Amino acid sequence: MPSLLILIPLLGIILLNLLPSRPMRRIAFWFALVLCLVQIALAINHYPPFWGNELDRIDSFFRVSFSVDHLSFVMLLCIGIVSLASLLIAKHTVFDEKERFKFINLLIIASIGMSGIVTVRDLFSLYIFLEITAIASFILIAFEKSVLALEGSFKYMILSAVATVMMLTSIALLLLVAPDTSFSAVHEAVGHAPDSRMVIIAMGIFGCGILIKGGIVPFHGWLPDAYSAAPSAASVLLAGIVTKAAGIYTLIRILGSVFGYNRTVGAILLALGALSIVAGALAAMGQKDLKRMLAYSSISQVGYIIMGFAIWTPLGIAGAIFHIFNHAIFKSLLFVNAAAVETRMGTNDMDRMGGLAQKMPYTGTTSVIGMLSAGGVPPLGGFWSKLIIIIALWQSGHIAYSSIAAVAGVLTLAYLLIMQRKVFFGKLGEGMQDIREAHTGIVIAAVMLAAITVGVGLLFPAVFHNFAEPVKELLMR
Amino acid sequence: MKINIILLISMTAAAMWTVMGRSLLKATIGLAVTSAVITILMFRLNSPLAAVFELSVCTGLITVVFVSTISLTKPLTHKEIVELSRDRLKRFWFLPVILGIVGAGLIVTITRPGFSVPIHAAAAALKGAREVLWNLRQLDMFAQVIILIAGALGVVILFEEKRRDEW
């Protein structure tokens with residue numbers, strides 16, 4: 001019954017907005033919290049009665065095939081965890097109760113969109129869920145209505161519209177050769193005419209559309225503005241999961257289940273991945289704005305994921321999926337830390353900070369954990385996934401790319417250490433004596449994400465074996 | 001075929017007028033005209049359902065939303081508009097050129113004798129609106145409801161303050 005992941009939140013939103021507003025505003029937070037927790041629990045234990053076919057009456061009503069495999073489970077888990085972190089941040093950064101109610105509504109809608117993306121097996125339905133996620137994201141970015149937020153949202157909207165046109169055109173072209181838009185039908189049609197010029201154009205423009213949605217270099221123009229201008233709770237969601245579900249996951253799924261993988265595509269993706277890693281890391285080094293630096297860092301980290309699955313080997317794919325999960329966790333953690341700092345300092349300018357770890361010990365400590373995981377320091381989660389990707393690249397004969405990935409890890413550590421030094425270490429800045437630790441809710445979110453980062457690193461064999469490794473089933477198709 | 005090509009050229013001209021024009025209001029009208037021409041094209045290409053949606057949503061609803069939005073914006077002075085147009089023309093002069101070349105290429109391709117697009121038999125079979133909406137694409141209908149809710153929230157969030165200020 002994966003469709004319940006869409007139906008229950010949808011019914012919830014309708015009821016929350018139809019029933020008397022004051023009590024509903026209070027209930028909204030708890031409703032969203034329960035949704036996130038249930039999604040996390042279901043994704044972790046793969047509860048058979050829910051995911052199996054025994055009770056498929058509700059799913060069959062839609063006449064569109066929902067399907068959940070190990071890749072979907074990893075994504076659903078990431079969606080649940082990151083949405084939970086975003087919700088906790090929103091509770092303590094969106095102060096007005098009415099505004100918070102609207103934010104929570106949008107957060108639930110974005111989660112519905114992402115859950116739809118990872119469970120549908122139809123190109124047109126996939127496109128619609130991508131649009132749901134994108135629309136919710138536009139509004140979340142512009143939520144505070146500042147000039148920068150509106151500009152960031154507008155840039156994202158324009159580039160997303162270009163991606164939308166590309167995807168729709170591609171679907172229209174594919175519908176000329178396929179009987180319908182289900183993954184299996186399009187896969188079969190593409191298999192019958194792999195060298196058709198029309199099919200190649202359709203696949204190419206669909207791929208470009210996904211790369212725009214994923215913010216991959218050179219299609220990343222919208223991403224730094226959107227991440228840095230969005231409210232903190234929205235930044236956590238965007239950086240943690242939205243671009244991964246809308247971009248990276250979709251790309252992997254389309255390659256694995258619809259278009260099929262070939263060496264030319266792999267070579268292009270490898271080059272784009274390497275470009276993203278280096279360009280993102282170099283751009284991050286020159287930033288003064290904390291959230292903007294983390295945004296460029298995301299571009300760089302996504303490069304690792306792309307290089308991992310671009311080689312299309314079992315180890316490469318498993319490493320890429322593992323890095324999707326790890327990146328979702330440690331990048332959300334770093335954005336939660338940025339939210340904590342922003343609420344206390346009122347700015348994201350790193351030049352105006354310093355020594356904050358003395359006044360914000362939990363934020364400072366969890367930030368170090370996030371930084372070390374992002375930098376690939378053992379034994380944290382980020383270390384293992386990067387190591388697997390580098391080994392997979394080396395094993396598949398891509399020694400140059402493997403070296404780029406390894407050297408870029410040093411660059412990552414360098415810019416994150418600069419960030420730590422400017423924000424948390426050193427002497428306490430002037431006028432910062434009265435700064436206090438962030439609100440309990442933000443600290444809880446940070447500690448939860450830091451604990452996951454450490455736990456995944458320490459329990460690496462079990463986590464990798466149960467979650468990331470089975471994803472290689474994609475190669476069997 | 002000739003009428004369709006004339007309609008395509010009209011649609012392109014209306015779209016160009018929309019994005020190159022100096023007045024926001026005229027651009028909105030240009031967009032409505034573009035949508036209206038697309039509607040006629042869809043009717044001519046045996047897609048009445050898509051045509052009706054295009055007519056009602058794009059020509060009607062979206063134009064109303066745009067006009068409402070424009071009424072909330074601060075109008076530019078004539079001098080600013082002229083400067084903005086010049087700047088835009090300087091920076092994006094190549095866009096209409098590219099559009100013209102691609103359009104001409106497409107027209108040459110599709111008017112070449114023997115040109116045909118291989119349409120899959122199942123995709124070409126005409127299906128009624130009711131069957132498509134309620135039997136084949138139920139999930140998409142529900143998803144559209146979610147998009148409408150998100151859109152409504154967007155209007156409430158982004159325009160509420162402005163309305164409060166005006167009151």
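User: Which residues count as being in contact, and what share of the contacts in chain A with a separation of 6 or more comes from residues 24 or more positions apart?

Analyst: Two residues are in contact if their C-beta atoms, placed from the backbone, lie within 7 Å. In chain A, residues 24 or more positions apart make up 81% of the contacts with a separation of 6 or more. This is a predicted model, in which local features need pLDDT of at least 70 and side-chain atom pairs count only at pLDDT 80 or more, while totals for chains, interfaces and linings use all residues. Residues are numbered from 1 along each chain as its sequence is written, and chains are lettered from A and ligands numbered from 1 in the order in which they are written.

User: How many residues are buried, as a percentage of chain A?

Analyst: A residue is buried if 20 or more other C-beta atoms, placed from the backbone, lie within 10 Å of its own, exposed if 12 or fewer, and partly exposed in between. Buried residues form 59% of the 477 in chain A.

User: Which residues other than glycine have a positive phi, and are they buried or exposed?

Analyst: Most residues other than glycine have a negative phi. A:Trp312, with a positive phi of about 55 degrees, is buried, because 22 other C-beta atoms lie within 10 Å.

User: Where are the cis peptide bonds?

Analyst: Most peptide bonds are trans. A cis bond joins A:Val217 and A:Pro218, with omega about 10 degrees, and another runs from A:Pro378 to A:Pro379, with omega near 5 degrees.
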